Each structure stands twice: as structure tokens, then as C-alpha cells.
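Good morning, colleagues. Please have the sequence and the coordinates open while I speak.

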Amino acid sequence: MTVGSAETGTAILTADVDPAYASDKTVFWLTSNKNVATVDDHGKVTAVGSGEAKITATAGGKTATCTVKVDVPATGVSISGADAINAGSRYTGQLTATVTPATATDASVTWSSSAPDVLSVDANGKVSLVALPASTTDVTITATSNADASVKGSIVISVSDPSVALASASVGMVIGKNGKAYNTVALANTYSSAAAIIAYMGNGEANSSYNTGLAISLADVSGEKRWKSYQGGNCTAQNDFNTIISDLNGLSHTATLVSAEHRDHGHDAALAADGYTSTTATPVGCSKWFLPTIGQWKLMVEAMCGSTGLTYNSSQDIFKAAEFNKKIRAAYGVSEGTSCAGDVKTNSYWSSVESSGYGDIYAWVMFFRDGEAYISRKNNTGYVRPVLAF
């Protein structure tokens, strides 16, 4: 029997009493479970809920039983969880199908996707991104009742590429190895692999075909590294800090940095970044990893901190590391005040530029605690944080 069915929602049972000449042929009816099926004084059985019930007829002390099996049909299917899949445009997550009524005998469903080459869905409702479409595509995910194929529920997930071209990116966005920019580290890792956070966006200073941007690594290179001896190169040693900032910002070489195998920062301090392996490949459209000049540090600190950048031998009211890390932590999706793997340290980071005023044993470093730049002996330990030009 089926609850609510015009054909099988009720049934009439007949009790034949033997012998035919029995003096009392009165029949009494009883159900073993009124939550499954009820029976009236005339043997009419009505399906109530899923399960089995025994209907008993009694006459003159004799009994007979009939077992009734009742099904509760599925009348609807609803799907939840799409909001979480759309959140952040990751397009991967768990959907849940709810069959109504809650007492349906068979609450199982079969999942399907209208575009399995874009979004797949497994037997348990887990949705996975297969490939980003060339243009925005609406994918319908459907859960169909296994008890009744006409009963189904569906949701539509609009799939589009959440990336931004580097030319349209902004400071604080994350560059993936595919050469595209994303709002968060998580997104970059979903579609590619997070490599660097954009720390400066220029205005085509060097060449209108290049953005002349700088992206800083999301991690230090092997922790502390020593600044190695100077080997020469186009970053001429300077002892005039103002000259370094104005003339050696590196942006005049952006086109070369992007397109060439070598860097204009050819000394060992820059080459130390060559071994950077937290990503397995240089992002598309970017230079190889290199150490920033002190001028490039200035540009990045100004852009990331939104305040005055590097100064030389003057105290700062704002701790630059804390300001710098705000954008890094936003990219990682962690709350303010919570450290994350991409944080820059308050210690000094090497520049790729020497200071000739003290001979060739000193080099410029950027002290992240307060944004100062100063010189230090090359045999001192310091941190290495390479950058990319794009």
C-alpha cells in the first residue's frame, strides 16, 4: 500500500468465517501498528506511515492475520549547500539533498550535472570543478528520487573564471603560477598555485606593453641567508640613498626582467633568489625571482602600507611590518592580529644594492619594523624575500 495513493492508499479485507453455520460470525478487526495502517470495523485498511503492520480478524475465538506493507512516496527534493560552493567562486563543495516528506520510505537520490565537463558531482553530492569555461556557464545540478524519477530538485551554479588579468590587478591580489591574479591565496591555490602577492602596480613607466608591477614572494627563501659577495651587474653600488630610490627602482628594466633569462640585478644577492622553490614554476608573464633594489622596496612598502615609505635613519610612527602584513593576512583570509605563513618579519631584508661609501663589504637592507633602510655588513645574517616583475 502507498500513503495517499488513490489506488493503493486504502484496501478492503474480507474475513470468511467457518463453518458457514457458526452461531456467532461477528468479526473484530485489529492493527498491530496504527502508525503504519489503521483498520475499521468493516475491514477497511488505510495506509498511514511507512513500515509493516499485521491486521488481525477475530471471530469466535479464532484469528487470521494479514501483513500489510506501506510505502510513503517521495513528493519533493530540495538541495542545500550551493551558497558555500559559490562562496569565493571555488565551485567545489558538498551539496545535500533533502527528500520530502521526512517519512518517505526511500530517501535516496541520484545526482547529475548538466555540464560534467565543467562541474562534476559524485554519488554523494560532492561537486568538483573540472575546468573553467571560456565564458560564464550556468550548470544545473539535479538530485532525482530513486523511488520516483519524476520527483527531483535542482540548483543552478553560475561558473565563471574568478581571476583577473595582471593588467587589471591591484595591490594585495595574489598571482598564481598561471599568470593570473586572484583576490585570495585560497582562490589562487584552487585554480593554480599561489606564488606572490602584488605589492606595487605601476603606470607603464618603462613600456606601455608592460604593467611594470612588482609582486613579492609569499614566503622567505630558506629562512635566513647571508648576502654574498658582490659580483657586479647593472645595479651600481651607491652610497646616496636618495639616488638609489630615484634611479634604481628597477622599473626601467621591467620589460627586460619579464622577457629575458637574466636579470639586471646580477650579483649574488639577487641570484640567491634563483633557488626559490616554494613554487615549482615562475608565474606566466612574470620575470624570474630576484631581490628587489632598495628603491623597489620603497615602492612596495608605500603601496602596501598606504603611507610614507622608506626613510633613511629617521623613526616612523607606524610599524611597517604590521601595516605590510595587513594585506598579506587579508589575502590569506585570516583575521587582523592573527599571524599567517606569508607574514614578513620585523627583521631586516636584504636589498640587491650595495653601499660603496663603506667599501664593498656593506650592502643596503630594509628594516621592516619601522620602514628604515640602512647599510649592514654582508657577513651578517638577514632574510631574503624575492620579487617578480610583470
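Predicted model: local features only at pLDDT ≥ 70, side-chain atom pairs only at ≥ 80, totals over all residues.

Let me take L95 in particular. Beyond its neighbours within four places in sequence, L95 is in contact with several residues, among them I79, I85, W111, V127, I141 and I155.

I turn now to helix α7, residues 320–332. From first C-alpha to last, its 13 residues reach 19 Å, close to the 18 Å expected at 1.5 Å a residue. Where is the kink in α7 centred? It is centred on K326, with an angle of about 30°. The buried residues of α7 include A321, F324, I328 and A331, as well as K320, E323 and R329. After the helix comes G333, whose phi is positive, near 75°.

What covers the buried residues of α7? The covering elements include α2, α6 and the strands β15, β17 and β18. Of β17, 7 of the 7 residues are buried, so this strand is largely enclosed by the rest of the structure. β17 runs antiparallel to β15, joined by 3 bridges, with G176 opposite A194 in β17. β17 also runs antiparallel to β18, through 4 bridges, and here I197 stands opposite I216 in β18.

Thank you for your attention.

Key
Residues numbered from 1 in each chain as written. Heavy atoms only, no water. Contact = heavy atoms within 4.5 Å. Helix = DSSP H or I, 4+ residues; strand = E, 2+ residues; numbered from the N terminus. Expected span 1.5 Å × (residues − 1). Bend = angle between axes of the 7 residues up to and from the residue. Buried < 20%, exposed > 50% of the residue type's maximum accessible area, 1.4 Å probe, protein only. Pairing = 2+ DSSP bridges.
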